[in-house]
Amino acid sequence: MYDKFMTNPNDVENVVMNGVVVGLNIKVKIPYYRGVCLSLVEDAKVIVGDLLGEKIYTKDQMTFTVGGCTYDFDDMETITTVRWEFGEKAILFVPVLNGISEYGPTNLEVQVKIRASYNPHLKAGVTRMTVDRSASKVVER
Amino acid sequence: MSIKRGISLYSYQQAYYNGELDLEGCIATAASTGATGIELIPEQMPVGNYPNPSEADVDRWFSWMDSYKTTPTCMDAFIDFKLYKGRKSYLTLKEQVQQMERDLKLASRLGFSLIRVLCKIHTDVIEAALPIAEYYNVKMGREIHPPVLIDSPYMEEYINMIERKNTKYAVIIPDFGLFARCPSDPYIEETVRNGATREIMYHTAKQIENRKPFAEIRKDIEKMGATPMDYQQAQVMDYVTKFNDPAKIQPLMKYISHFHGKCYDLDEDCNETTIDYPGVISILKKTGWDGYISTEYEGQRLFHDQNCAETANEIEQVRRHQMLMKRLIEC
């Protein structure tokens, strides 16, 4: 749901710490038709592919930032009072060393899954996109 | 008195998601069609904060209702019964009633006299919440929505409870999707983009419209060389499209407080291409029903897969649906 609007190449930033790119911030909106509390964010996965190959990042490697606070996915399982609202951009931090490749375009596949009480067949929202280092933004951590 | 026209702001969800309309913008756009009723999903477009807006947020909400000459009609509530990961069972009855209370309270603050309860919420949860609904003076309307049928044991159990409790706080909200004859073209095209065969999907849709049993449709498409994807999509299509005869609504009128005017695809002449609007509205007029029908446009989501180049124009589709209802109500 909302796959084609949930994120796009302009929502991807290289994250720099002490002069080194330590990962990516991917801003993502909820792939569902309403907001939910964090315990219902079931899964996230990011597949990063470039000339050097493909790597899969799972939710235990990422953090999730919403409303200015950053959470581990393990902790989110018990958080029922903080919400990710419909249309609100959350930030997935993915520890991709060196970030968007210097050696050509990087292919990203972003998957986010909501545990929908009423729709056991709700699929993960999936966006596939290509990001160029020259066009990508940089943010200091 | 006649049937009144409203709009569920759910219809403008894509514009809200993409930042093209905020909550006030949705209300203003709804009012510009001549609709007077506003239906809201506060978990989709919160008034300030969900579920606890500030007094200032609530005041602003009512000032919008005044400015745009609109009335809050129905607030759509959810009970996330899979709230806790890892639990073997869903939320307990008590926990579900607590979530209902949260929404009844919010509805009362925002001036809604009715909440929509999803069709999957069991009768015992609604029954247990009756004293709370009475306290807040907000009715709970359980939706009848496909694939639940109008005349099903599931509905009968609910109606028996209403009769047994002799209550006006448990009511029914039918969704016009109950009267869909076939899936819409945008629905079929989405299955094609996902890998199904166009010819087989259109054949299936046509036979669903002819009320052919699925076992026979299956034989047809087998002959046409259906792939596993075709069988799967055809089965889902058959499962979600269950035409109910509009006449079946008549015996339920005394329990009905509101309708969801579900729509997927309105053509340039303002006809819904799949749902029997003339049939249902003609029955509502005969019974003298004078409540609200809220436009609930859902076709935008049929264009949200990444391979889809087209995007639906929600504002125009909702305008057309309002024109359709105006025409049928006034004729």
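Is B:Ile159 buried or exposed? Select B:Ile159: its relative accessibility is 13%, so B:Ile159 counts as buried. (Buried means under 20% relative accessible area, exposed over 50% and partly exposed in between, with a 1.4 Å probe and protein chains only.)

This is a predicted model, in which local features need pLDDT of at least 70, side-chain atom pairs count only at pLDDT 80 or more, and totals for chains, interfaces and linings use all residues. Residues are numbered from 1 along each chain as its sequence is written, chains are lettered from A and ligands numbered from 1 in the order in which they are written, and side-chain values use heavy atoms, with hydrogens and water left out.

**Stop 1: around B:Ile159**

Show helix α6 of chain B, residues 153-165; B:Ile159 is found there. Helices are DSSP runs of H or I with at least four residues, strands are E runs of at least two, and both are numbered from the N terminus. Contact means heavy atoms within 4.5 Å. From B:Ile159 to B:Ile172 is 13 residues in sequence and 9.0 Å in space, C-alpha to C-alpha.

**Stop 2: the cysteines**

Over all chains, the structure holds zero disulfides. (A disulfide is a pair of cysteine sulfur atoms within 2.5 Å.) Pick B:Cys182, which is in no disulfide; its nearest cysteine sulfur, that of B:Cys263, is 15 Å away. B:Cys182 has 10% relative accessibility and so counts as buried. Move to B:Cys263. It counts as buried because its relative accessibility is 0%.

**Stop 3: between chains A and B**

Select the contact: 32 residues from chain A and 30 residues from chain B. The area buried between them is about 2,800 Å², 53% of it from carbon and sulfur atoms. Buried area is the accessible area (1.4 Å probe) that two parts lose on being put together, summed over both. In chain A, highlight A:Tyr2, A:Lys4 and A:Tyr118, which lose the most area to chain B, together 27% of what that side buries.

Next, zoom in on B:Glu43 and A:Arg83. They form a salt bridge, with the closest N and O atoms 3.2 Å apart. The count between the two chains is four salt bridges. (The rule asks for a side-chain nitrogen of Lys or Arg within 4 Å of a carboxyl oxygen of Asp or Glu.) Finish on strand β11 of chain A, residues 125-131: with three residues, it gives the most to the side of chain A that touches chain B.
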